[in-house]
Amino acid sequence: MTAPAAKLAGRLPAKLTANSGVLLGFVLGAFVLLVLAPAVLSDFRLSLLGRFVCVAIVAVGIGLAWGRGGMLTLGQGVFFGLGGYVMAMHLKLADAGPSGVPDFMRLYGSGRLPFWWEPFRSPGVTLLGVVLIPALVALGLGAAIFRRRVRGAYFAILSQALAVAFATLLTGQVATIGGFNGLNGFRSFFGYNLFDPVNKRMLFYIAAVTLLLMLLIVWQLYRSRYGELLIAVRDQEERVRFLGYDPANIKIVAYVLAAAMAGIAGALFVPLVGIISPVNVGVVASISFVIGVAIGGRATLFGPALGALMVAYAQTTLSESFPSSWTYFQGALFVLVVAFLPGGLSSLVPVLRRRRADARTPSTEPPSPVQRAELDGPPPPEPLSGVSAESETSR
Amino acid sequence: MTMNSDYLELSDVRVVFDGLVAVDGVSMTVRQGDLRFLIGPNGAGKTTLADAITGLAPATGSARFGRTELIGMKVHRIARLGIGRTFQTASVFEELTVLQNLDIAAGAGRKPLSLLRRRSSVPPEVEEAMGSVGLTGLRDTQAGVLAHGQKQWLEIGMLLVQNAQVLLLDEPVAGMSTDERVQTGELLVRIGAERIVIVVEHDMDFMRSFAASVTVLHAGKVLSEGTVAQVQADPRVQEVYLGRAEVVQ
């Protein structure tokens, strides 16, 4: 349909545009997070932003698993919690000193350290555990769930049930893991005093750099053949099977990566916020992770992180001004976006542009490569444009 | 594939769904270079037979591709042996481009780590298949916006890059224009020379024009088998197609 010459001419710059757009996004993100925010925000606000950044790291993982992989995981709190509790256990042990016992255990329990706390005295084991424990749990769960071909709403419900079970389990263990109070009152982070504002800032920088790093990893995945394959599995799982792949393996990779990201986010959350408790890992927390992703645009690169930052910010400011009713705002925003912009806010610009183009030249021509390249990678699902309306409803 | 695997041999294949016998002891052999049409009235078990061969429907009996027994194997393992199929409704990856669709089809044997890299160049087999099915000019077009016929060709192209030795095509020309049917038929004859191609089809004109051999299924059993002329002359076939006899004639 397209003449080869015109195609060549159109394709190369389009690719360059797409790449430079993403690079610009990274530069902008790095500038805002690493230069602008520390310069203009008070220590309190900066540490609040650090907390949002942790949520955004979880969101990047959900974008990978749900936006690209079609796995609506309503239980990322489990992995966030695993990473967070591992870090919190280490901090408690470090505060208690060598062979010491965390304060709450003397208060509620026998005062003896359970054997499974012991490994987390070591900083190395802790750092590995933060990544590996959520990843291994996700590997086990994923292997069990995806090999049995559980998907769609059933997967979503199952993942949510896991979050309920995990939070309930933690709440019941007062003597060993702090119960409903969770773990809190940390004084130091790998030898750095947590009451020192300079160290709080350092924590923010670590979280911000981690977010950018996770985005880079996900960007490479989206550009890779694996990224294409993941979309293929999301849209036509059976077809992929008939091409000789086992879709379960492809999904497990995305699920495990998302879990590892949530674990890392949880581990950064603990020193930044100073507490982790069952409330942070339960259903409400898990769903609020997903809301940001949906609002930002789940299938895009930056959408999930931006959406999560936005929702977390709105939540904080609205709950300051309207303590009892901010959840209504959050709910309304969610409903509006899902109803009118299922691709999320990131799809707003392409949708508007296409509408304007359609208004100028009403035609049924496929979108040109240039138009499509303006989105990063394959475009997010946009039932408004009509092309993928059918597959959207089944997702 | 090896020299031993240039035929597909079914013997006594049975598929039972909740007491309903969908395929009732089908035996047939299709050799390389054959272009076999599988016809029969609705509910004769044509698609179910294809499901049984590709591991989608639980079956008993034997389906051997060369020396390999397919019954009981997992779907993706059967696919990796070189047995590919298409479906009645074209199922391509709509949000990916023609090139990406074919590239995925070519990649089942890729090493896991190599998947994490970008595609640096178009694999030659992808380029070749794109030419075979006439979609080279649409390589960067999203599959979702292709015409129905083009989607079917893309699916056949995906089987080609998959290096499928056995192609099971379920109603490949349904909904196609006359021109597209002729082009598809010629494509099947061309690719069928070196492969085993089995076409499930309702379109009798299409069958007459391109079939090398025909198997007629009825109520899950093989009713008749042979060349187009032999099958047409078979009184049992005429009886089954009674009322539609003029279509067969």
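The model is predicted. Along the principal axes, the C-alpha trace of chain B spans about 60 × 40 × 35 Å. The secondary structure of chain B comprises 10 helices and 10 strands. Of its 249 residues, 49% are buried. Among contacts in chain B with a separation of 6 or more, 65% are between residues 24 or more positions apart.

The contact between the two chains involves 27 residues from chain A and 32 residues from chain B. On the side of chain B that touches chain A, two or more residues each come from α2 (75-80), β6 (83-85) and α3 (98-105) of chain B. This side of chain B is made up of 12 nonpolar, 11 polar and 9 charged residues.

In chain A, helix α14 covers residues 303-321, a total of 19 residues. The distance from its first C-alpha to its last is 26 Å, close to the 27 Å expected at 1.5 Å a residue. Buried positions in α14(A) are A:G303, A:P304, A:A305, A:L306, A:G307, A:A308 and A:L309, together with A:V311 and A:A312. The buried residues of this helix pack against four helices of chain A, namely α2 (43-68), α8 (197-223), α13 (283-296) and α15 (326-340).

Methods
Residues numbered from 1 in each chain as written. Chains lettered and ligands numbered in written order. Predicted model: local features only at pLDDT ≥ 70, side-chain atom pairs only at ≥ 80, totals over all residues. Expected span 1.5 Å × (residues − 1). Buried ≥ 20, exposed ≤ 12 C-beta atoms within 10 Å, placed from the backbone. Contact = placed C-beta atoms within 7 Å. Nonpolar A, V, L, I, M, F, W, Y, C, P; charged D, E, K, R; others polar.
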